[in-house]
4 protein chains.
Amino acid sequence: MINGERQTKAAIRWAMVGGGKGSQIGYIHRSAAERDRYFQLVAGAFDLDAARGRAFGVELGLDPDRCYADYKAIFAAESARPDGIRAVSIATPNNTHYEISKAALEAGIHVICEKPLTFTTAEALDLQRIAEERNLLVGVTYGYSGYQMIEEAARLVADGTLGEIRLVNLQFAHGFHNEAVEDANPAIRWRVDPKFAGPSYVLGDLATHPLYLAEVICPELKIRRLMCARQSFIASRAPLEDNAVTLMEYEGGAFGTLWTSAVNAGAMHSQKVRIVGSKASIEWWDEHPNQLSLEIQGEPPRLLDRGMGYLHPETSGDDRISGGHPEGLFEAWANLYYRFALVIEALDEGAPDRVADLRYPGIEAGIEGVRWVENCVRSADQGGVWVDYS
Amino acid sequence: MINGERQTKAAIRWAMVGGGKGSQIGYIHRSAAERDRYFQLVAGAFDLDAARGRAFGVELGLDPDRCYADYKAIFAAESARPDGIRAVSIATPNNTHYEISKAALEAGIHVICEKPLTFTTAEALDLQRIAEERNLLVGVTYGYSGYQMIEEAARLVADGTLGEIRLVNLQFAHGFHNEAVEDANPAIRWRVDPKFAGPSYVLGDLATHPLYLAEVICPELKIRRLMCARQSFIASRAPLEDNAVTLMEYEGGAFGTLWTSAVNAGAMHSQKVRIVGSKASIEWWDEHPNQLSLEIQGEPPRLLDRGMGYLHPETSGDDRISGGHPEGLFEAWANLYYRFALVIEALDEGAPDRVADLRYPGIEAGIEGVRWVENCVRSADQGGVWVDYS
Amino acid sequence: MINGERQTKAAIRWAMVGGGKGSQIGYIHRSAAERDRYFQLVAGAFDLDAARGRAFGVELGLDPDRCYADYKAIFAAESARPDGIRAVSIATPNNTHYEISKAALEAGIHVICEKPLTFTTAEALDLQRIAEERNLLVGVTYGYSGYQMIEEAARLVADGTLGEIRLVNLQFAHGFHNEAVEDANPAIRWRVDPKFAGPSYVLGDLATHPLYLAEVICPELKIRRLMCARQSFIASRAPLEDNAVTLMEYEGGAFGTLWTSAVNAGAMHSQKVRIVGSKASIEWWDEHPNQLSLEIQGEPPRLLDRGMGYLHPETSGDDRISGGHPEGLFEAWANLYYRFALVIEALDEGAPDRVADLRYPGIEAGIEGVRWVENCVRSADQGGVWVDYS
Amino acid sequence: MINGERQTKAAIRWAMVGGGKGSQIGYIHRSAAERDRYFQLVAGAFDLDAARGRAFGVELGLDPDRCYADYKAIFAAESARPDGIRAVSIATPNNTHYEISKAALEAGIHVICEKPLTFTTAEALDLQRIAEERNLLVGVTYGYSGYQMIEEAARLVADGTLGEIRLVNLQFAHGFHNEAVEDANPAIRWRVDPKFAGPSYVLGDLATHPLYLAEVICPELKIRRLMCARQSFIASRAPLEDNAVTLMEYEGGAFGTLWTSAVNAGAMHSQKVRIVGSKASIEWWDEHPNQLSLEIQGEPPRLLDRGMGYLHPETSGDDRISGGHPEGLFEAWANLYYRFALVIEALDEGAPDRVADLRYPGIEAGIEGVRWVENCVRSADQGGVWVDYS
Ligand SMILES: NC(=O)c1ccc[n+]([C@@H]2O[C@H](COP(=O)([O-])OP(=O)(O)OC[C@H]3O[C@@H](n4cnc5c(N)ncnc54)[C@H](O)[C@@H]3O)[C@@H](O)[C@H]2O)c1
Ligand SMILES: NC(=O)c1ccc[n+]([C@@H]2O[C@H](COP(=O)([O-])OP(=O)(O)OC[C@H]3O[C@@H](n4cnc5c(N)ncnc54)[C@H](O)[C@@H]3O)[C@@H](O)[C@H]2O)c1
Ligand SMILES: NC(=O)c1ccc[n+]([C@@H]2O[C@H](COP(=O)([O-])OP(=O)(O)OC[C@H]3O[C@@H](n4cnc5c(N)ncnc54)[C@H](O)[C@@H]3O)[C@@H](O)[C@H]2O)c1
Ligand SMILES: NC(=O)c1ccc[n+]([C@@H]2O[C@H](COP(=O)([O-])OP(=O)(O)OC[C@H]3O[C@@H](n4cnc5c(N)ncnc54)[C@H](O)[C@@H]3O)[C@@H](O)[C@H]2O)c1
């Protein structure tokens, strides 16, 4: 158990672009990054409205001089300071991810970016190229992957408990947007506007989360072809979908389904991952993330709990408190940020091998999410036909 | 609450073909039919092995003379008796349903047949024609539809609680056949042999159950087109599938998915029906059939329980005991058999209008199941393409 | 799996006293007794109102001559007939159990009686004496004990899986009588009237059920002393309680608690049994009776399901259908009636040894329930003091 | 939703006594206190072993000069500094709470102390006296009370949704100490040693938690008398108990039960609170703290979820993220520490009225816990008799 005693050498000087006052996701970035002193917030360009962004930075205790009007200003000024930021987290609407990430990387700053990483695979590959040239991290905040029971799931697959993987059943299907709530709420409006959201709504916004979880749990599975049907039950959202189903054929014969929705009336998140192997299945639900169901054919189902001695030892490496006490999404995110800190430290010290085995959502995860959405949209826009994965 | 005091005029003289000793489904037919004296077992041709069938009939208390060697013998003899059977239940492997049902109808005997009703829609329509000419029932034992909470689900849809129906998510996915268990078990072997099972395994065997539940709950929905992907994870089962996913577009824009499997390792039945409307969703699970989840967007989810005063009054018409006491599958089947008895009585008295509003799985339900499997197979065999529903 | 093929030699000629039209518990007696032809209803004195009782018997298909005005008439007439009843089930209010049971036994008729068996232990012992003299059964319908998972629980305790038993936590606490519903409902009114109900309401009506389950599961445990606190939240029910808590010290150091209530607002039955041993615990809930939780310290909890191969083989002896399909309360009761039939047959054939090992609620269970209520009331009436169990 | 933007004027300079490296509860204190900059850790006497404590402080980033050898040193030195600590959290074994708290208060330092606050009520009252004289806080870390759904529970009781409160059912019963695990683990050993733990083990260690939750939810209930039975299933723990049951009669007629255990084999925490009113019940479980069950008699049970619009507005005041995302124990504790910061600020500014309505576990909660344990032990040691609450 780590009990917050995990060590990096020093807190990484860090900033945010976006994630301003009232934003949905800004707080969890800050809370996770600063949780155990891995990062220290020293600068920001938090808001589209520069004045509001500055006021917010001051409220957060920042030096007003390091509260910037926009991303150009922050990267220019900070990269010129000897004590400038080493890393930035980008939590702005999707359409800006590519240009802001690119600018940060070109200023030599490590990037932690929200998903979906970019609008197109080409853009994502471009970021990868720059990051590799400069030995910089591009981390993507697939926050749920920080939960310990996802690690346990991956271990159970890796050690053969499930046998050969046959089925991957994924869903992330909430009901909060069953009506045209965007009419009254700008933070939802951009999500259903292709200009800001990109080529998809729920596929990019929600589905990429369980998709990444499946990649973490079943790293061997490669999609061969997929088909996707998407719908806009609130008609004004078209061409963006508020519900979609994707079927996936993997190399080697495994089969996957993914249901994503914002109109699953009455449901909370309903993010669920079920992996079916030839001998056993596992199932995980993000609303009760400290548990993992393990169902071995011919035996009674077991409910595994975070923090317990019967888990794989690696699963407990991130525990902050003993079993039975619920950890939540903030710990999952803090686990990610911890890994990002380790990677940044390793890269800055020219020792990338040190983190070669570390499991975290880096640029490949970001690319894969964008690519998958592209393939889904390509299929859906032809009427839901099978397309070879490319 | 009925408390078993529901009245038909007299117990209907009844027989079984199939459902012999050790068969999977024979006992529940008998237990349900005789439960409250709606039917009385007076004859049978229970087994492929005539001697074993006869011995079994005697064990059940039948007159040995009315334990027949096969279906031909029973229909010939019984239709000649003044006190001959008025109805027969057919619980034999799928390949025989058409010919035995046809023979029964031609002998003027009401038919209650297992699903899938026939191999082809043409055959099912043929049975319909004969039944209509002779004013005979063809009931199909979609047993789960007898549960009271399915009635409640239908009422909640009908009264507008859910709003407009958008999504129909169905599954029936157990794990009992995750290995080639048929090698050691003849009662499973025929299920994966096209000669006995017909054009499908799990699509016909399992999927038609939740499909019918969805028809009961959302009678207005008509499939416009569908696509189906099926797999044989146990290779020797090919061409029959042990796992399949079907996507359905309904007239009017609703969308459906159905997952069916016999290789969902570690799962029991996992028959689940979730209906998502524009305002609320309902969800039902056959392993806890006395409950129905009602999730109205913006309100906390409610768990409805059989037998309670807050349900639609019609839902309680079939209760045998007060709320809190679990009823099980036997009561669900008995509810079906009660309806079959009402229909037979009405038809025999030339008063079909009396049961015009009764909800029960008749020949249309049987046809629809066969048609749906046919469409699925047609899609799957072309590689999982969309096919217009026909 | 029995599939209803379990054999007794012949259906036992059987009657009911009480359990008339609209009664709460009459139907389940009939349904269970006749389920697989172990008993055959041939006579009855169903109702306090003789005419109504007769009409009901006729409705049930009985010979009007065998529908009697009261228990005296039925025992007199039937014991005089060569084809008279061999057994009677008594489902009348509590105050009549003793006299009716006694009359039946004295007429040489086997008795199956509702709980609580009598008002006093002395009366219960009296019935025992007569029954033993005449080699007659006195069965008591602790219906829940017929569930297969209760058998599994007993086997897990017996085989040492739990280690030494330390704690017995019992509850049966519904909320249906949170208001003075008896004012409008005579079938509830007698339950809160000492004249009809006896010295207790919920202690006798509800608590004796889980108490008997604990006896079945942990047959070695003997109560050394107990204390009971009881309340009448609806004041007009006093001196009868609508809520009570009993603490029990067992010989050898185990400790028990039992909570029973009719004012547990919003709850359905909430009959739960948790047995804690030195190594593991089991927990069972009557609203989902096909499951049993097994929690071994240091291992993930397992959820056992009826009908599965991993259970003790004896557990499956009563299965009527394969695992995953819910059985309900009617099957549990039918399992009891089956045992009663076996015992009656053995006694009548002078072969009581044949059923020496059979687990069923006989006269000892009936006595024990009455004794326990007596002790509880004795404690409660002194202000909730500890009393030595006597 | 607060999103971490809640404001106090400035971070309070803060230290810890105890809670050293490897301690069970030290990390959550630090994580909660510093979560949103309400407190800033500037000093510590973390460990019984001074050197280890100092090393740990340095590891946490403290000035080595402010890592002290013991509580005397820290209070002496810090109260002499102009920038000395304003508050200290005490997370040492129970036996030291009184003397360390007293020393801190006498040095003019606000105290946040672990439970149980002291060994005796007299000591606790003594702390109260000193704190009142000096206008200092004594907060007690009943961490679970920081969960939002506990606030919702209190609101539902206060607004009359439950009607008149009748029953309070509490439990905190884990299984982790079903064997003599203390033999190998010093952090458990002191808990079962009266010298360090005080007059009880599980009563003080576990039971005071749900007891305080009940006080928060039902502030009107006052215990009139109680009785307690306690056991030492691991005999070497005697006289300290590892299992206990307490019954409570409240003024006005409500009745309570509390079960606490460390030998509930196979259970995780199983901290549950059920409050039964004349109209409805609520139930909460600390392993799934984002949910609260609301069961209104005659209506289907509802499962309320944190973060949702249908809750009382005050319930959402502490939300850090929107509904559906699980918050965990760290947020609950951070909510407490936020309140402590508000109180300290108000007291230091001579404006105690500002926090007069704030719900937080202060000295009264601490006293009440100790008093309750004292009463329980008094009852238990007389053999489990009723004792008037004093
Ligand atoms: N990882 C997750 O679980 C998760 C959850 C929610 C949102 N997101 C992602 O986070 C991103 C932000 O989403 P949100 O829900 O917080 O959006 P939001 O609309 O609530 O907040 C966006 C914030 O970015 C600021 N902003 C916008 N453009 C900016 C610019 N050019 N420069 C600086 N600041 C700018 C806005 O002022 C606002 O403060 C999106 O890409 C979204 O997909 C991820
Ligand atoms: N409605 C449901 O929920 C459900 C469940 C299980 C099976 N079924 C259906 O019931 C049917 C029977 O399945 P089962 O699992 O009981 O099969 P089974 O193999 O267990 O039993 C089949 C029985 O039919 C007898 N039989 C076979 N051919 C016969 C013939 N020509 N004449 C007379 N008897 C014959 C066999 O001897 C045997 O007793 C199948 O169509 C199956 O799809 C339905
Ligand atoms: N085992 C269980 O789970 C369970 C459940 C409910 C009731 N019970 C017990 O069953 C018994 C009956 O309860 P109920 O709820 O059905 O009561 P009820 O009031 O619903 O029905 C009682 C029936 O007995 C008839 N009756 C009354 N006195 C009679 C007499 N002297 N002779 C013949 N008939 C008479 C009444 O007319 C009525 O039909 C009680 O002892 C009760 O404790 C047991
Ligand atoms: N609020 C809760 O939920 C909760 C949970 C666990 C423990 N607790 C309470 O917290 C307290 C500590 O428990 P723990 O489980 O962390 O114990 P622990 O044994 O794990 O740790 C105790 C720590 O205190 C240090 N210490 C001991 N005596 C000291 C002294 N005189 N001066 C300075 N440091 C000293 C030890 O070195 C160690 O670091 C206990 O009172 C316990 O009841 C509360």
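Student: Which residues are linked with Lys9(A) in a network of salt bridges?

Tutor: Side chains of opposite charge can pair when their charged atoms come close. The rule here: a side-chain nitrogen of Lys or Arg within 4 Å of a carboxyl oxygen of Asp or Glu. Lys9(A), Glu345(A), Glu349(A) and Arg354(A) form such a network.

Student: What should I know about the model and its numbering?

Tutor: This is a predicted model, where local features need pLDDT of at least 70, side-chain atom pairs count only at pLDDT 80 or more, and totals for chains, interfaces and linings use all residues. Residues are numbered from 1 along each chain as its sequence is written, chains are lettered from A and ligands numbered from 1 in the order in which they are written, and side-chain values use heavy atoms, with hydrogens and water left out.

Student: How many salt bridges are there over all chains?

Tutor: The count is 132. Take Lys9(A) and Glu349(A), with N to O at 3.1 Å. They sit 340 residues apart: Lys9(A) lies before β1 (12–18), Glu349(A) in the loop between α10 (329–348) and α11 (363–381) of chain A. Helices (H or I, at least four residues) and strands (E, at least two) are DSSP runs, numbered from the N terminus.

Student: Is Lys9(A) buried or exposed?

Tutor: Buried means under 20% relative accessible area, exposed over 50%, partly exposed in between (1.4 Å probe, protein chains only). Lys9(A) is at 60%, so it counts as exposed. Glu349(A), at 40%, is partly exposed.

Student: Which salt bridge does Arg339(C) form?

Tutor: Its partner is Asp318(C), with the closest N and O atoms 2.8 Å apart. Arg339(C) is in helix α10 of chain C, and Asp318(C) is in the loop between β13 (302–305) and α10, 21 residues away. Arg339(C) counts as buried at 14%, and Asp318(C) counts as buried at 9%.

Student: Into which domains is chain A divided?

Tutor: Bounds come from an automatic or database domain assignment. Domain 1 is 12–144 + 338–361; domain 2 is 148–317 + 368–388. Their centres, taken over C-alpha atoms, are 26 Å apart.

Student: What area is buried between domain 1 and domain 2 of chain A?

Tutor: Buried area is the accessible area (1.4 Å probe) that two parts lose on being put together, summed over both. Here it is about 1900 Å², with carbon and sulfur atoms giving 56%. On the domain 1 side, Tyr142(A), Tyr144(A) and Arg359(A) lose the most, together 41% of what that side buries. Across this interface the rule finds 2 salt bridges.
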